[in-house]
Amino acid sequence: MEHPENDSSYRGLQVNSGVASQPCVNPYRRPRRKRPEPTAAEYVEGILKGDVSMLGRAVTLIESLAPQHQALAQEVIEKCLPYSGNSRRIGITGVPGAGKSTSIDVFGLHVLRQGGKLAVLAIDPSSERTSGSILGDKTRMEKLSVQQDAFIRPSPSAGSLGGVARKTRETIVLCEAAGYDNIFVETVGVGQSETAVHSMVDFFLLIQLAGTGDELQGIKRGIMEMADGIVINKADGDNVDRANLAAAQFRNALHLFPPTPSKWVPEVITYSGYFELNIDKVWDMIDRYFKYVKETGYFERKRQEQAKYWMFETINERLRDNFYAIPEIQALLEQKELRVLNNEQSSFTAAHDVLERYFSLLREK
């Protein structure tokens, strides 16, 4: 395009046409080679050697929804299973802001000082609108994340706490095979995820706060019945008296609950994760618990019950996936949904009709 400024009437002014537009792709850059997918044997070999990179890739494989990845993941898990089961699995929960990540940071350092290896599996909530997750737990574990013997892996809940919990359960097997003898599982917060996490850990630790209002609001029967130990965080400075008062209230509340299946009486301890106060007392409580349940035989019984629970959970999940994957069922569900929305059929009879059709399809096969 010719510039009008180059006309002879504009003496002393000239505009050059410039250079032609260049392609945005660098022609000298070689295409990046895609790493070949390791075989199941290579995954297992790397995991057993303690290769963190291979362990991370195996966890990603477990979290993948691709059918070919799922088949390979199950093969890896089966081969790692004989090398698992030699860790202490500890679930950590508490209300948002209770200091779970900070506590895990200092608890983890305490474990590493004793010569152990630690894996932290954090379930991070996903947005219901965008399905995205921050996965920022590592940033709140500044000291632990730089330790060589610590493996931190956040996983998105992706709207399905049950599915994520199952993948977390399988990840525990891989971490144990890699030589991690302490596994921390951090939950989303007080809610539905606690039941799933409780079914995969040996010790369930509940972190509470004091001085935030009515302490009795924190005493929820469902979550307290699952707890094997209760700790009051931020017991420092002017908050020490309030933390001691809250601890006394929790101890009184525990007396009203029926005995735990293990017959262990949950203890209540105050501590400060930020100032690292009484961390050794919290860990001594956990040591006493494991010594007690192993002496009584409850440790092995609970592990067996958990294995049976996850077998049935996996069956239920596969049946549900199979049900919704059948095209004829999908079409029938759309029809029944319209009838229910138009008040032409009740929800219960519509569900009955769909299930009857599903059972008839199974009989035809």
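Predicted model: local features only at pLDDT ≥ 70, side-chain atom pairs only at ≥ 80, totals over all residues.
Helix axes are taken here as lines fitted to C-alpha atoms over the stretch in contact, with angles running from 0 to 180 degrees between N-to-C directions.

Two packed helices are described by the angle between their axes and the distance between the axes. For helix 1 (residues 40-48) and helix 3 (residues 67-80), the axes come within 9 Å. They cross at roughly 45°. Angles of 65 to 115 degrees count as roughly perpendicular and those under 35 degrees as roughly parallel. Helix 1 and helix 3 are therefore oblique to each other. The crossing of helix 1 past helix 3 is right-handed. Helix 1 contributes Ala40, Ala41, Tyr43, Val44 and Ile47 to the contact. Helix 3 contributes Leu72, Glu75, Val76, Lys79 and Cys80.

On helix 4, the contact is made by Val106, Phe107, His110 and Val111. On helix 9, Ile279, Asp280, Val282 and Trp283 take part.

Helix 9 itself spans residues 279-296, a run of 18 residues. From first C-alpha to last, helix 9 reaches 26 Å, close to the 26 Å expected at 1.5 Å a residue. The buried residues of helix 9 are Ile279, Val282, Trp283, Met285, Ile286, Tyr289, Phe290 and Val293. Seen down the axis of helix 9, these residues fall within an arc of 150°, so they line one face of the helix. An α-helix has 3.6 residues a turn, so residues three or four places apart point the same way. Lys291 and Glu295 are exposed, on the face of helix 9 turned away from the buried side. Gly297 follows helix 9, and its phi is positive, near 85°.

Asp181 sits in the loop between helix 5 (161-177) and strand 4 (182-186). Its relative accessible area is 30%. Buried means under 20% and exposed over 50%, so Asp181 is partly exposed. Asp181 and Gly116 are 65 residues apart in sequence. In space, their C-alpha atoms are 6.4 Å apart. Leaving aside residues up to four places away in sequence, Asp181 touches Asn86, Ser87, Arg88, Gly116 and Lys117.

Key:
Residues numbered from 1 in each chain as written. Heavy atoms only, no water. Helix = DSSP H or I, 4+ residues; strand = E, 2+ residues; numbered from the N terminus. Expected span 1.5 Å × (residues − 1). Buried < 20%, exposed > 50% of the residue type's maximum accessible area, 1.4 Å probe, protein only. Arc of directions from axis to C-beta. Parallel < 35°, antiparallel > 145°, perpendicular 65-115°, else oblique. Left-handed = near helix turned anticlockwise from the far one by under 90°. Contact = heavy atoms within 4.5 Å.
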